[in-house]
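Here is a friendly walk through the charged pairs and contact surfaces of the structure below. Keep the viewer open as you read.

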Number of protein chains: 2
Amino acid sequence: MDHPITIAIDAMGGDQGPRVVVPAVLRTLARYPDRVRIILVGDQKLLRRSLRLHRAIESERLLIHHASQVVEMDEMPSMALRKKKDSSMRVSLNLVKSGKAQACVSAGNTGALVATAKFVLKTLPGISRPAIITQLPNMASDAKAQAGTRVLDLGANVDSSPERLFQFAVMGSVLTQAVEGIEKPRVGLLNIGEEQIKGNEQVKETAAMLSQCDAINYIGYVEGDDMFTGVADVIVTDGFVGNVALKAAEGSAKLIQHLMKKAFRKNIFTKISGIIVLPVLRLLRKSIDPARFNGASLVGLRSIVIKSHGSTSVFGYYHAIRVAIREVESDVPQRIRHQVEELLKEEQGNSDSSPSVE
Amino acid sequence: MDHPITIAIDAMGGDQGPRVVVPAVLRTLARYPDRVRIILVGDQKLLRRSLRLHRAIESERLLIHHASQVVEMDEMPSMALRKKKDSSMRVSLNLVKSGKAQACVSAGNTGALVATAKFVLKTLPGISRPAIITQLPNMASDAKAQAGTRVLDLGANVDSSPERLFQFAVMGSVLTQAVEGIEKPRVGLLNIGEEQIKGNEQVKETAAMLSQCDAINYIGYVEGDDMFTGVADVIVTDGFVGNVALKAAEGSAKLIQHLMKKAFRKNIFTKISGIIVLPVLRLLRKSIDPARFNGASLVGLRSIVIKSHGSTSVFGYYHAIRVAIREVESDVPQRIRHQVEELLKEEQGNSDSSPSVE
């Protein structure tokens, strides 16, 4: 048996709180019988009631840690940081800092989570800010395999400098290497055209830096639709652009689902054909199920923090916990730290900016 | 009969050139028998052959104007501007400038079209750069009605200042008013969250300017998915963000179509159900058919220039010509000029920045 992995869970975060979190945690404990321990953080009374409701009890593997406060979904990050020192979110992060847990999962307020995680856990040496990275389904993924393109940053930062975008590329590449076992992940830079002539200054400068770096398998510019074509394993962009692009993609997927439902409801014939086609639609839904891709990592921190979507399902939250487990098993922060150190050393050794040696 | 509308068509532009353009033009002439004239601009010999192929002849309503050069799809805009003075694109724009046509349609190189159109036609007084605006399908649109959300800028500019974003809002609002007959189009500003706290400086400053302006029905921040929810008639954003978001949305729609095809091909049962469900899928495809939404306007110029997608179908190109006709009928550039003049007057009269009177 491996050493047990302990995950601290912000049980109060998200739109549903314990109603989604607790069954997802129970599912995790059942699926990982030997090696996972969970600390549920939040209102003790409420959490005990929720456990009873699911016929579960506290145990060696399922602990409750009381926290008296909750960060609201619309609370200002600075206020959460200052006034909510005993929030379920903050206490979960403290458990990671003190080494009592190896990772934290939260479905809470994204801005507050980024700010609090950065304050409590600190960024790795050489990394100025954490970024949000998640995996998206693409043409190459199917209902079973988990392959997909990872995109960062998805909104932890707005207005990122080329230096920061370069750091995102390093972090995305190392994380994908570690978690997926891909030796040289293909890294693309999001731009508005594949030609050299297009793009803003920020993107052009980043491209120049990435072209110089042997440690990154930089494949050049990619466009918005390449988030789903599978041409890259990692796509790097500013948090503002990444966030808007992700939501635009979700919006267009929702529109298609809406129109499909409408088309099937049109008349008795379409209704019957809708029933006939149900198994196919279920398969389709499974392939692009946001729950299967739930669980974004805050990379660049000294420890592992996973952000779940605020309104995810039990299965979706379970998937976010799985992402945390995989990152603990792959030792992601240490690997990023090591790679960044190597790159910084190279830079010092190559201040004449000649191509670096791997 | 109204005065005839004359449209100059860059017949060589796009991936297909005359093969798509000529049948689309013939369709237009058939559908608008009284009031539209077309000038096909490009290689005379090639265009005559193409007309013969479609059993059409030159006439009062269908003229050919020779142009000896073609702007390549991957050509640098600055090179096209300097070296391609007799390109089908440039000559089409010249015809608009000289008043021989009221609008130009091109499926050519976007960067070259923006640069050449700006150089030949000039921007309206008070407008620093043109923007690309197009209509997207949303939850409220159906297969018949053309209602949809307009988004700008989609890539004519990168790194737009708040002043420029404000101009985009004015232009988008006036265009929607003119073409759709919506009295006070709802204008949203694209951001990464609806809360006041989020967003970058550029967006926050633009929001402050829009809140002060009575002439614009500003509804606040919207997110990426709102490009498809129908909460706004016009969504304003920087060209880099808009372009990436649009392509991300296209990418996710294509992924769903790809997965749907795959699901239907799985076995004999799914193949049969795919045939049964064909009419429904056709209806769905029609609702989100990119061809129906083809035809983006270069707003902010002194005349009308419509950009067709480079790889559109005959029906798609026909739709782009229709967009040109509608904008000529609605006198869009003059209305934008008028509105901008009013706003500039107000600003001079209200330099104490008190709320302006409409």
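In this predicted model, the side chains of Arg48(A) and Glu58(A) form a salt bridge, with an N to O distance of 2.6 Å. The two residues sit ten residues apart and link distant parts of the chain: Arg48(A) belongs to helix α2 (residues 44–53) of chain A, while Glu58(A) is in the loop between α2 and β3 (62–66) of chain A. How accessible are the two partners? Arg48(A) is partly exposed at 36% relative accessibility, and Glu58(A) is partly exposed at 35%.

Arg35(A) and Glu329(A) meet through their side chains in a salt bridge of 2.5 Å, N to O.

Are the partners of the next pair, in chain B, buried or exposed? Glu75(B) and Lys84(B) form a salt bridge of 2.8 Å, N to O. Glu75(B) counts as buried at 14% relative accessibility, and Lys84(B) is buried too, with a relative accessible area of 16%. Both values are under 20%, which means that both fall within the cut-off for buried.

Side chains of opposite charge can pair when their charged atoms come close. Over all chains, a search of the whole structure finds 14 salt bridges, and the table gives some of them.

| Salt bridge | N to O distance |
|---|---|
| Arg48(A) and Glu58(A) | 2.6 Å |
| Arg35(A) and Glu329(A) | 2.5 Å |
| Glu75(B) and Lys84(B) | 2.8 Å |
| Arg326(A) and Glu180(A) | 3.4 Å |
| Glu223(B) and Lys247(A) | 2.3 Å |

Next come the domains. Chain A is divided into domain 1 (1–127 + 300–358) and domain 2 (134–294). Their contact takes 27 residues from domain 1 of chain A and 22 residues from domain 2 of chain A. The domain centres, taken over C-alpha atoms, are 23 Å apart. About 2100 Å² is buried between these two domains, and carbon and sulfur atoms give 57% of that area.

How many salt bridges cross the interface of domain 1 and domain 2 of chain A? The rule finds one.

The contact between the chains involves 57 residues of chain B and 57 residues of chain A. Together the chains bury about 5100 Å² between them, 79% of it on carbon and sulfur atoms. On the chain B side, Met139(B), Ile192(B) and Phe240(B) lose the most area to chain A, together 13% of what that side buries. Two salt bridges are counted between chain B and chain A. Glu223(B) forms a salt bridge with Lys247(A), their closest N and O atoms being 2.3 Å apart.

Finally, a nonpolar patch is worth a look. Ile268(A), Phe269(A) and Ile272(A) form this patch on the surface, with about 320 Å² of accessible area together. Ile268(A) lies in helix α9 (residues 268–276) of chain A and is exposed, with a relative accessible area of 63%.

Terms used
Residues are numbered from 1 along each chain as its sequence is written. Chains are lettered from A and ligands numbered from 1 in the order in which they are written. This is a predicted model: local features need pLDDT of at least 70, side-chain atom pairs count only at pLDDT 80 or more; totals for chains, interfaces and linings use all residues. Side-chain values use heavy atoms; hydrogens and water are left out. Patches are made of residues with over 30% relative accessible area and no salt bridge: like charges are joined within 9 Å, nonpolar side chains (Val, Leu, Ile, Met, Phe, Trp, Tyr) within 5 Å. Accessible areas come from the Shrake-Rupley method with a 1.4 Å probe; for residues, only the protein chains shown count as cover. A salt bridge is a side-chain nitrogen of Lys or Arg within 4 Å of a carboxyl oxygen of Asp or Glu. Helices (H or I, at least four residues) and strands (E, at least two) are DSSP runs, numbered from the N terminus. Buried means under 20% relative accessible area, exposed over 50%, partly exposed in between (1.4 Å probe, protein chains only). Domain bounds come from an automatic or database domain assignment. Contact means heavy atoms within 4.5 Å. Buried area is the accessible area (1.4 Å probe) that two parts lose on being put together, summed over both.
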